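Here is a short briefing on the structure shown below. Look it over first, then read the points by topic.

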Amino acid sequence: MKKIWVFAEYVNCTLDRVTLELLTKAKELASGLKGETEVAAVLIGSRIGSTCKTLAEYGAEKIYLVESDELSLYNPMLYAPIITELVQKEDPDIFLFGATAIGSELGPTAAAQLKTGVAAHCVDMHIDENEHLVAAVPSFGGKILGEILCPDTRPQMASVKPGIFVQGEPEEREAQIIKVDVSAITADNLPLKAISLEKKETEGVPLDKAEVVFCGGYGIGCKENWGKLEKLAAIFGGAAACTRPVVDEGWAPGEHVMVGTSGKSIRPKAYVGFGISGATHHICGMKDSGLIISINKDEKAAVFEVSDAGAAADLNRILDQLMIKLDL
Amino acid sequence: MALKIVVCIKPVPDPDYYDKVSIDPVTKRITREGIPTIINPVDKNGIEAALKLKAQYGGKVTVLTMAPPNATENLKEALAMGADEAVLLSDRAFGGADTLATSYTLAKGIEKLEGFDIVFCGTESADGATAQVSSQLGEWLGVPHLWNVFSLENLEERTLRVRTKAENGFMEWEVKLPCLLGVSRELNKPRFISAMGIIKAKNKPITTWGKADLDAEEERLGLAGSPTKAGAIFTPDLKRKGEMLTGSAEEIADAIIEKLRTAGVNIPTKGDACIIEGGARQ
């Protein structure tokens, strides 16, 4: 039987949405494999049993439930050996991780222990005629996509950023739950101690859930214009976002509102970009938006090529007009 | 307490030029001609962190890279920033390495040095951007490792207090030396090189080690040691209609709102704005 596993990322009482996106993708990959297949989730933490229902609804047929109070905070020195041992025992063919703060560390760490390969930050994946996982990964800021295979070692591992794949619809389903015995596990005496997890309270609609995103590039030129984007976003019930230089200039509050290869990947219904040149690093993170509108004073800006509509105009005047129209 | 610090760096094509990277239609290889090779930007944050610790506690900073021979130029820059010595791991046998083989080779290079207290890496390289080498290097070295470090303090009794980025927040850790830290660009601001730094760098050693110099298993090196294999490469087609809106700023704003409406976005009415101003939107 072919086994496809997904690492279920449950942190601070929340299941990361990338887990559900990966389960949806895992089901799709399973249909490309011959014979019997099984999609399973690996869930690690403390007091997490109630999450099993959600995992089952999104496609997990089996759930490896690894529960202990010692596992309440993520620690790679505890989590990675658990994963490695489970893999050695059950021998999955494919293992998918979210390319999140945790998954980006845990995936390659377990892979190093297992001496297998990880395709990082996949934007697409399929099963080829040899029943191998073929993952498309971006390089050079997304300018080039390369296919990565892991033909000889198992599992074939891959990481995917949140927002790349679409989450399916939940269905009423039950999963078989396998409780993994970790009664002997302890964080004592480890050279690495997790002290705390602090959550930043984000105001307004989170960027990855916004239906409309107003995005600023270096061309917005000042912090005041960033404020205007935030105002527009607030009135639309959307979110404001930006490119790397806007974070570096200190106009935007931080990387959590940055879209691109090293920031967030978003797919809102509509994206309106101001003063964005069209560097691949940024385009890679917003290309899946429903509607893309760009305003840039340079009519030759590369961003217009990847936009549905654009205006070669002074963004200050367009912003002001939008504010007037919406009475802000 | 003198510290032995190793910083792993990677020479990469300058990310400011990635829009010029393309695939040669005949050879099907990536062309990056004319793009200068620089130290991977976030690796400089690793160098800066090492230099700061050395200034505080004393010790030695070694920069290490696995790269073709011309990487000595990048190593010289790291020495000019203030590192004490540089090691270049260079051999045809190292070529075609994925992250597992790369981290193995780096680990073998580090093991040949006279021990270490801290290894710094950047979180990810600008070109490949897998962000995997730092964690995997930590595994090969058998030391605790953390990725995405943005704050580092309180070095006492060989323990560091470290913060790493989490989704919408951060985690705080205590890690004992020896350890490996994958640092992010928020950690510090890398220093510029000075004329004095360049002069001093001339007398600092750059050592080159090949396969024969390392106590390495051949089948773990380069392409042979890489579980991942590269398939086809292609450039994604992201072209859209690119319809240009013209007219006055007011007309363009109207057109934008109309397009948003057609795309299914709820266009706020004036009443919504008042509620926002009042700060109590229900």
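A crossing of two helices is called right-handed if the near helix is turned clockwise from the far one by less than a right angle, and left-handed if anticlockwise. Helix 8 of chain A passes helix 6 of chain B in the right-handed way. The model is predicted. The points below start with chain A, move to its contact with chain B, and end with one helix of chain B.

**Chain A overall**

- Chain A holds eight helices and 18 strands.
- Its radius of gyration is 22 Å, close to the 20 Å that the globule rule gives for 328 residues, so chain A is as compact as a globular protein of that length.
- The C-alpha trace of chain A spans about 65 × 45 × 40 Å along its principal axes.
- Of the 328 residues in chain A, 58% count as buried.
- Among contacts in chain A with a separation of 6 or more, 64% come from residues 24 or more positions apart.

**The seven-stranded sheet of chain A**

- Seven strands of chain A form an open sheet in the order 7-11-6-1-4-5-12, with parallel pairing.
- Strand 7 (118–119) and strand 12 (176–179) of chain A stand at the edges; each has a single partner strand, so one side of each lacks a neighbour in the sheet.
- Strand 1 (residues 2–8) and strand 6 (residues 94–98) of chain A run parallel and are joined by three bridges.
- A:Ile4 stands opposite A:Ile94 of strand 6 of chain A.
- Helix 1 (residues 17–31) of chain A lies across strand 1, strand 4 (37–45), strand 6 and strand 11 (156–160) of chain A. Its direction makes an angle of about 170° with strand 1 of chain A.
- Helix 3 (residues 76–90) of chain A lies across strands 1, 4, 5 (62–67) and 6 of chain A, at about 155° to strand 4 of chain A.

**Where chain A meets chain B**

- In total, 82 residues of chain A are in contact with 70 residues of chain B.
- Strand 13 (residues 192–199) of chain A supplies eight residues, the largest share of the side of chain A that touches chain B.
- That side of chain A divides into 44 nonpolar, 20 polar and 18 charged residues.
- Strand 13 of chain A pairs with strand 11 (residues 169–176) of chain B in the antiparallel sense, over seven bridges.
- Within this pairing, A:Ala194 has B:Trp173 as its bridge partner.

**Helix pairs between the chains**

- Helix 4 (residues 103–114) of chain A packs on helix 4 (residues 133–141) of chain B at about 35°, with the axes 8 Å apart.
- This crossing is right-handed.
- A:Glu105, A:Pro108, A:Thr109, A:Ala112 and A:Gln113 meet B:Ser135, B:Gln136, B:Glu139 and B:Trp140 there.

**Helix 2 of chain B**

- Seven of the 10 residues of helix 2 (residues 72–81) of chain B are buried, so this helix is largely enclosed by the rest of the structure.
- The buried residues include B:Leu75, B:Leu79 and B:Met81.
- Just after helix 2 of chain B, B:Gly82 takes a positive phi of about 140°.

Terms used:
Residues numbered from 1 in each chain as written. Chains lettered and ligands numbered in written order. Predicted model: local features only at pLDDT ≥ 70, side-chain atom pairs only at ≥ 80, totals over all residues. Pairing = 2+ DSSP bridges. Helix = DSSP H or I, 4+ residues; strand = E, 2+ residues; numbered from the N terminus. Contact = placed C-beta atoms within 7 Å. Axes fitted to C-alpha atoms, helices over the stretch in contact; angles between N-to-C directions. Nonpolar A, V, L, I, M, F, W, Y, C, P; charged D, E, K, R; others polar. Rg over C-alpha atoms; globule rule 2.2 N^0.38 Å. Buried ≥ 20, exposed ≤ 12 C-beta atoms within 10 Å, placed from the backbone.
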